Amino acid sequence: MTDCRIGVGLRTVHFPHLLGKPKTALRWFEAISENYMDSQGRPLTVLESMRRDYPIALHGVSMSIGSVEGFRPGYLQRLKALADRIEPFVMSDHLCWTGTAQGNLHDLLPLPYTQEALDLVVGRIQQAQDFLKRPFLIENVSTYLTFPQSTYTEWDFLVEAARRSGCRILLDVNNVYVNAVNHGFDARTFLDKVPTELIGQVHLAGFTDMGTHLFDTHSRPVADPVWELFGHVAGRLGQTPVMIEWDEDVPEFPVLEAQAMKAAQIWKEKNDERAGFPAAAIRPGGR
Amino acid sequence: MTSELASLQRRFAQAVVDPSAEAPALTPGGTLTPEGAIGVYRTAYPARLTEQLCETFEAVWSVLGDEGFFRRCREHIAGHPSESYNMSDYGREFPAFLAGLPESGRFPFLAELAGFEWTFKDLFHQKEHAHLDGTALGQVGQDSRFVFGAAVRLLRHRFETARIWSGRKERLRVEPGRTERVALFKLGGEIYFRTLEEPEFALLEALRDGGAVGAALQASEGLDQERVGFLFAFLAESGMVEAIR
């Protein structure tokens, strides 16, 4: 077993630091696709520069896989053009919808977990994969409501969408925890129901407790219960890439890096444990 | 679009942008009420677009102050849904929206300032063109014609808008009736601008519009040899010219 394939989200506030080519144990970076698809400006120049030194994942927020209206005109073409330029090792987006033709709400909106919604997202994912011709992942999202007409659990819906479409899953452990608290299910059940072979990447992030619900803000360090959940799943991840997302109140790069190193340490301990390797160091001279 | 899912999405989206619209049946998360649960999405939508307007129109924000700017953002968002998948596209209509507001009486430069900020952002995302160096520019003949790069804008302002933009963090005094001519360009990944006197600016416009160098110089009034020399030096430094035909 080699080191954890740990990465972080590439954010503009860290560009100056990263362009100085600092020494880091990070193995890869994830870029938000839409920030680069329509720009020929400095962000794209920086992304291309980063790509020369690291593998890059392209993570979208606007594909709107679950929209009944289909993909927006030109979206897949522009995304593919970016991918052809960056050559990401994986591409992903969310299992949600983001608006209607009348208006994009720029949010990861919840789907009802119904047969109709499942059939729709499976078709869309297949359409995206056929067009992009690259490995594609769908991510579970945080939600603040559910729909009474749902006939699947969230995890069954997610797994079934991946299985039927042939894509894999970007497992966001923070989103699992947020939804478990918001909707009252056992987060470990969710994680246990996702087959290892379907997990293509893992996200970790921080949430905000709003008093009435947990809100997926990506503005804080990863919370202790989310670290514990990550520990629950880390032992079976193998070389699956893991990354830290931080999008609001983004800290200095070393703070983000420290979160990533914590994830790598948990991954290592869990993998050692799984391999039967002792967790604590043997003291010199000890028996 | 008559399916159950289509109906749900249409009603959900309507309930997010219009608080008076009835949301579809839902089960709220946490200890939220149904209204509170849809409210999470209802709050996030204008917040994201306002954040985008703040980022693009920083100088307008500074002129109007927090209260005035955020009120106008709310009104703009209510009447102008975001149609693009890219949030960065939001705000194209904001300058025209500002032009129709009473504040434009007190700050007559407001819409022009917003337009300048939008152009600035537009140029930021523009591909940087190849820059012709000074040696090539020094060898032009009377019949030569310049091809300006895509990341160049020549702007005639009715007010000293670029100066106001530069002083957006200081609250500059605005002199009424003073106009401005601005060359905005991208160089080395950064956006720069320079204000020019009318004769120099008119010559730049003539060259940008494809006029032959000799004819453009002949038509220019009030420019002596020295000022022409300075203008050509600026053309070389700014990298505005991409090619010579």
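**Note on a predicted two-chain model**

1. Chain A carries ten helices and 13 strands. Along the principal axes, the C-alpha atoms of chain A fill a box of roughly 70 × 45 × 35 Å.

2. The interior of chain A may be described by burial and by contacts. Of its 287 residues, 47% count as buried. Among contacts in chain A between residues at least 6 apart in sequence, 77% join residues at least 24 apart.

3. Chain B has eleven helices and six strands. For its 245 residues the globule rule gives 18 Å, and the radius of gyration of 24 Å is well over that value, so chain B is more spread out than a compact globule. The C-alpha trace of chain B spans about 75 × 40 × 25 Å along its principal axes. Buried residues make up 33% of the 245 residues in chain B. Of the contacts in chain B with a separation of 6 or more, 60% are accounted for by residues 24 or more positions apart.

4. The domain assignment of chain B gives domain 1 (4-125) and domain 2 (134-244). The centres of these two domains, taken over C-alpha atoms, are separated by 35 Å. Contact between them involves 13 residues of domain 1 of chain B and 16 residues of domain 2 of chain B. On the side of domain 1 that touches domain 2, α3 (58-79) and α6 (110-125) of chain B each supply at least two residues. The largest share, eight residues, comes from α6(B). By class, the residues of this side of domain 1 divide into eight nonpolar, two polar and three charged.

5. In it, 38 residues of chain A are in contact with 40 residues of chain B. Several elements of chain A give two or more residues to the side that touches chain B, among them α3 (42-53), β6 (103-109), α5 (115-132) and α7 (173-183). The element that gives the most is β6(A), with six residues. The residues on this side of chain A comprise 14 nonpolar, 18 polar and six charged.

6. Strand pairing also links the two chains. Strand β8(A) is joined by two bridges to strand β1 (residues 27-28) of chain B, and the two strands run antiparallel. The bridge partner of A:T146 in β1(B) is B:T27.

7. Which residues touch the most other members of the largest nonpolar core? Of the 141 residues in this core, they are A:I138, A:V173, A:L204, A:I244, B:V60 and B:L113. The largest share of the core, eight residues, comes from α3(B). The core draws at least three residues from each of domain 1 (4-125) and domain 2 (134-244) of chain B. In soluble globular proteins, nonpolar side chains tend to be buried together.

8. Beyond its neighbours within four places in sequence, A:L204 is in contact with A:V173, A:N174, A:V222, A:V226, A:F230, A:V242, A:I244 and A:A263.

9. Leaving aside neighbours within four places in sequence, its contacts are A:N140, A:V194, A:I199 and A:V202. A:L171 and A:H203 are 32 residues apart in sequence, yet their C-alpha atoms are 6.2 Å apart in space.

10. Strand β4 (residues 180-187) of chain B is joined by six bridges to strand β5 (residues 190-195) of chain B, and the strands run antiparallel. Opposite B:V182 stands B:T195 in β5(B). The hairpin has two residues between its strands, and B:G188 takes a positive phi near 60° in it.

Key: Residues are numbered from 1 along each chain as its sequence is written. Chains are lettered from A and ligands numbered from 1 in the order in which they are written. This is a predicted model: local features need pLDDT of at least 70, side-chain atom pairs count only at pLDDT 80 or more; totals for chains, interfaces and linings use all residues. Helices (H or I, at least four residues) and strands (E, at least two) are DSSP runs, numbered from the N terminus. The radius of gyration is taken over C-alpha atoms; the globule rule is 2.2 Å times the number of residues to the power 0.38. A residue is buried if 20 or more other C-beta atoms lie within 10 Å of its own, exposed if 12 or fewer, and partly exposed in between; C-beta atoms are placed from the backbone. Two residues are in contact if their C-beta atoms, placed from the backbone, lie within 7 Å. Ala, Val, Leu, Ile, Met, Phe, Trp, Tyr, Cys and Pro count as nonpolar, Asp, Glu, Lys and Arg as charged, and the others, Gly among them, as polar. Two strands pair if DSSP finds at least two bridges between them. Domain bounds come from an automatic or database domain assignment. A nonpolar core is a set of buried Ala, Val, Leu, Ile, Met, Phe, Trp, Tyr and Cys residues joined through C-beta atoms within 7 Å.
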